[in-house]
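User: Hey, I'm new to this one. Could you walk me through it, starting with the aromatic rings?
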Amino acid sequence: MSSPEPINKDQAMLIVGSPVSPYVRKILALLHLKGLDYELDPITPFYGNDEFSKLSPLRRIPVLIDGDLVVNDSTVIAEYLDEAYPDVPALPKGARERAQARWIEEYADSRLGDLCVWGLFFPKVVAPHVFKRPPDETAIAKVTDTDLPVALDWLEERAPTVGFLFGDTVSVADLAVACPLRNAAIAGWTPDPARWPKSAAWLGRIAAQPCYARTIGFEPAILATRAEGRRAALEAVGVKVAEQSFGTDAPRASIMLR
Ligand SMILES: N[C@@H](CCC(=O)N[C@@H](CS)C(=O)NCC(=O)O)C(=O)O
């Protein structure tokens, strides 16, 4: 899409962002959970064009466009989707449980996101390829040997022994925890089931949820496919790829690298 305006209200929702981002993954899983139709513009934020800067002032993904509404930030998008499309709820009922769910989601987005994305996935998978920067192995070892184990110890105390955090159905909080740890897995780190058995089993149950498994199925189209073949590869696994894109060819350094 060369310009975000004008927006056709009859169009399907548009998600801007690569399905390899944990925050995009959370939103796609939520859309699948709710059975909502969407189109995807699978850009990496570093390849966003000038229109992307207008759409996303922090140049971050995901962005949701629903009719003439633009929503930024996965947590805000998730809350919007739950309010606007409540048939299949993603948050538990009741103020206390909703507060707990939001806190787990925030912890996952912030702390697990920092560790798994900026501490592992970015330096090991993105930076060497996109920005030709070698990984800092000392910093990575601190994440895998100290910081992630502390985070997993905290999660292990809260991990449900059966089902999900708020009963039999997966919630946005469960999905939010699994999503950044998926990026850690792509970067080569998974929680040891001998040390964190409850967490490992819980993550396994989330991974088996069709709404989540479907998003994981999109990843080879990005990670194992050259840029020019990604659109067709995504379409081959059932993604409706948006005709126009907020992407460009030349990467811009992330604010994290400036
Ligand atoms: N709090 C935001 C975080 C989004 C975020 O950091 N996305 C990453 C991709 S995984 C991004 O766009 N990073 C680009 C940058 O920070 O320059 C959310 O939940 O949507």
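This is a predicted model: local features need pLDDT of at least 70, side-chain atom pairs count only at pLDDT 80 or more; totals for chains, interfaces and linings use all residues.

User: OK, what kind of pair do Phe46 and Phe122 make?
Analyst: Their ring centres are 5.5 Å apart and the planes sit at 65°, so Phe46 and Phe122 are edge-to-face. Phe46 is in the loop between β2 (38–41) and α2 (50–55), while Phe122 belongs to helix α4 (residues 95–130), so the pair ties together parts that are 76 residues apart in sequence. Helices (H or I, at least four residues) and strands (E, at least two) are DSSP runs, numbered from the N terminus.

User: Are Phe46 and Phe122 buried or exposed?
Analyst: Both Phe46 and Phe122 are buried. Buried means under 20% relative accessible area, exposed over 50%, and partly exposed in between (1.4 Å probe, protein chains only).

User: And which residues are in a cluster with them?
Analyst: Ring pairs link Phe46, Trp118 and Phe122 into a cluster.

User: Switching topic: what about cavities, how many of 30 Å³ or more?
Analyst: There is 1. The largest cavity has a volume of about 30 Å³. On a 1 Å grid over the protein atoms alone, a cavity is a set of points where a 1.4 Å probe fits but cannot get out, and lining residues have an atom within 4 Å of a point. Grid points are joined across faces, edges and corners, and the volume is the space filled by probe spheres set on the points.

User: What lines the largest cavity?
Analyst: The lining is Leu30, Ala78, Glu79, Asp82, Ala90, Leu91, Glu105 and Val172. Helix α3 (residues 74–84) gives the most, with 3 residues.

User: Last one: where is Ser56?
Analyst: Ser56 sits in the loop between α2 and β3 (63–66). With 2% relative accessibility, Ser56 counts as buried. Leaving aside neighbours within four places in sequence, Ser56 is in contact (heavy atoms within 4.5 Å) with Val63 and Asn72.

Methods:
Residues are numbered from 1 along each chain as its sequence is written. Side-chain values use heavy atoms; hydrogens and water are left out. Rings of Phe, Tyr and Trp (its six-membered ring) pair if their centres lie within 6.5 Å; planes under 30 degrees apart count as stacked, over 60 as edge-to-face and the rest as tilted. On a 1 Å grid over the protein atoms alone, a cavity is a set of points where a 1.4 Å probe fits but cannot get out, and a pocket is an open set with protein on both sides within 12 Å along at least five of seven lines; lining residues have an atom within 4 Å of a point.
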